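Here are a few notes from my read through this one. Have the structure open while you go through them.

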Amino acid sequence: MRERLRAYNELLARTFIDIPGLEEPVIQAGDGAANRVLVGPSRKFVRRIFNPGSWELNGRFYGGWWQQVGKDWRSQIFINDTPTVEVDFKGLHVAILSAEKGKPLEGDPYALPEGTLPGTAPELQRALIKKLLLTAINARDDKSAFRSFRDGFPAGHMAKGLTNNQLSAFLSAFTDKHPHLSDALCSDQGIRLMNVDAQIAERVIGRFTALGHPVLCIHDSFIVPYTHVRALRGTMRQMAWQVVAAELAVDASAPGLDEMGDRPPDVQLDFIAWMQSPRCPGYLSRLDEHERLWGSLPVFPKRG
C-alpha cells in the first residue's frame, strides 16, 4: 500500500491541477479564514488514514485540495490544462450495503415519493433523506442519528426543527421502499463502509497510476481529463465488482470526449469548445512555473 501511495503522489506532483479562471490560488469555500483552500503544488500530497488498531476501518485517501471544495469548484478543475469530468458511484454506501445483501439497488436510493416530508420541495426532500441516511448508517442508535443530523445544519435551516418522530417516519419510508436494508441503519457501519470504498478507490487509482494517467479521488467519485471518461467508468465498475462482487451504478457530470466517437466532427468540435474555459493571467503564470519545474505538459488528444 505504501509503494502504491508513493507512486500516486509522484504522479500528482508532476501533474498540473488548477482552475483556469482562478487569478489567485485561493478558494473561499465558506465563511472565515479556516475555509480558505489553497490551490497549488503544496496541496496535492495525499495520504491514507486508517482507524487506530485496524487496517480494516477507514483507509480513505485524504489531502488533495480538490477534496475540500464543492462540486461547483470541482467542475472547473483542469488537469494538465485539459477540461475534466467527475464520475461518481450513485448512492455508494447504500449500494454496497444492498450488494452485501445480495440485492442490486434499483433507481435512486434517496428518491422517496413526493410529499413524504410534507411541504418540502422534491430536491430538498432528497437532500434531507440522503443526509439522514448517511448519518444513520454511521450512528449507533436512532436518537444519536437524529441529533447528529440536526447538528449538521446551520442555524435557521428548516431541518433544525424536524422532530425525532418526523425523522423516524422519514427513515421508515426508506425502509418500506428497501426493506432488506432495515437492519443497516443505526448500526455504526460508516467506518467499515469507508474501508470498502477505499479498497475500490485504491484499485482505481492504482490502475490509472500504472498507466501514467492522473485521477483525483473524492472518496465516492473521481475526476479525470475528459479524454479518459470511458476508461474511468469501466475501471470503476470493474474494481467495484472485484471488491463487492456486484455491479455498482456510476454517473458522470458530463460526457467524455472519448465517448463521442460516433458524433459528427462538428459536434465534437463544439463539445471541445464548450468544455474550455478562459485562462486568466494568474493561472497561466502558475502553468509556466509548473512547466519550468517539470517540463512540458503531456498533450492529450484533441486538447483545445
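Two strands are taken as paired if DSSP finds at least two bridges between them. Keep in mind that this is a predicted model.

1. Start with strand 7 and strand 10 (residues 250-252): they pair in the antiparallel sense, over 3 bridges. If you want a spot to look at, valine 87 stands opposite alanine 252 in strand 10.

2. Strand 7 also pairs with strand 9 (residues 221-225), again antiparallel, with 5 bridges joining the two.

3. Isoleucine 79 sits opposite threonine 82 of strand 7. The hairpin these strands make has 2 residues between them, and asparagine 80 takes a positive phi near 50° there.

4. Is strand 7 buried or exposed? Of the 8 residues in strand 7 (residues 82-89), 8 are buried, so the strand is largely enclosed by the rest of the structure.

5. On to the helices. The axes of helix 1 (residues 2-13) and helix 7 (residues 190-211) come within 10 Å and cross at roughly 55°. The two are therefore oblique to each other, and helix 1 passes helix 7 in a left-handed crossing.

6. Which residues make that contact? From helix 1 you get Arg4, Ala7, Tyr8 and Leu11, meeting Glu202, Ile205 and Thr209 in helix 7. By type, the contact residues divide into 4 nonpolar, 1 polar and 2 charged.

Note on methods
Residues are numbered from 1 along each chain as its sequence is written. This is a predicted model: local features need pLDDT of at least 70, side-chain atom pairs count only at pLDDT 80 or more; totals for chains, interfaces and linings use all residues. Side-chain values use heavy atoms; hydrogens and water are left out. Buried means under 20% relative accessible area, exposed over 50%, partly exposed in between (1.4 Å probe, protein chains only). Helices (H or I, at least four residues) and strands (E, at least two) are DSSP runs, numbered from the N terminus. Axes are lines fitted to C-alpha atoms, for helices over the stretch in contact, and angles run from 0 to 180 degrees between N-to-C directions. Angles under 35 degrees count as roughly parallel, over 145 as roughly antiparallel, 65 to 115 as roughly perpendicular and the rest as oblique. A crossing is left-handed if the near helix is turned anticlockwise from the far one by less than a right angle, and right-handed if clockwise. Contact means heavy atoms within 4.5 Å. Ala, Val, Leu, Ile, Met, Phe, Trp, Tyr, Cys and Pro count as nonpolar, Asp, Glu, Lys and Arg as charged, and the others, Gly among them, as polar.
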